[in-house]
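Colleague: Could you zoom in on a single part of this one and walk me through what surrounds it? I'd like the close-up before the overview.

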Amino acid sequence: MPETQSENPRHGVVFARVDSEPITVDACSAAVASAHAGAVVTFAGVVRDHDEGKHVTRLDYTGHPTAGDVIARVAAEVAGEFPDVTLAVAHRVGSLRIGDIALACAAASAHRAEAFAACARLVDAVKESVPIWKEQEFGDGSTEWVGAIG
């Protein structure tokens, strides 16, 4: 009898990348979906129009040259913590406007609790470890650099 997707589910990391291309939660969700997955949990980190009481007009994300390797390592580590989960994650660099997605990810699993936990861990791990910084531009024309790690 041939194996089906539900008998041989794929787990681990489908993709983990840092680049300037627009990203969507739908792309992450589609990448991890399978007949085995009873739960697909997603996250979208969206550029908001404020920070600490100041009006934000745009963000520029800059990644260290190792950022792509680091996000791949981080995703693999999270996949190791959750061996029955499939993950996809992408972080943008470059100039983003209000409403753009800066970080998108998805976690798929047979059960929701594991998918929620893996997705939350993945977001936290990316924010803690991937060397990406953002320069915020405020409504008054001033700017501020913020580390996305640490």
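**Around helix α1**

Modeller: With a relative accessibility of 8%, I23 counts as buried (buried is under 20% relative accessible area, exposed over 50% and partly exposed in between, using a 1.4 Å probe and protein chains only). A word on the ground rules: this is a predicted model, where local features need pLDDT of at least 70 and side-chain atom pairs count only at pLDDT 80 or more, while totals for chains, interfaces and linings use all residues. Residues are numbered from 1 along each chain as its sequence is written, and side-chain values use heavy atoms, with hydrogens and water left out.

Back to I23, then. You'll find I23 in the loop between β1 and α1; helices (H or I, at least four residues) and strands (E, at least two) are DSSP runs numbered from the N terminus. Setting aside residues up to four places away in sequence, I23 touches R17, the run A90, H91 and R92, and then I101, A102, L103 and A104, where a contact means heavy atoms within 4.5 Å. For a sense of distance, I23 and A120 sit 97 residues apart in sequence and 18 Å apart in space, C-alpha to C-alpha.

V32 has a relative accessible area of 1%, so it is buried. Beyond its neighbours within four places in sequence, V32 contacts R10, V14 and V40, then T86, L87 and A88, and also A106, A107 and A108. H11 is 21 residues from V32 in sequence, with the two C-alphas 8.6 Å apart.

Zooming out, the chain has three helices and nine strands, running β-α-β-β-β-α-β-β-β-α-β-β from the N terminus on. Its C-alpha trace spans about 65 × 25 × 25 Å along its principal axes, and 41% of the 150 residues count as buried. Of the contacts between residues at least 6 apart in sequence, 71% join residues at least 24 apart.

As for confidence, the chain averages a pLDDT of 91, and 92% of the residues score at least 70; pLDDT is the predictor's confidence in each residue, from 0 to 100. One stretch to read with that in mind is residues 1-8, where pLDDT stays under 50 and the model has nine contacts beyond four places in sequence.
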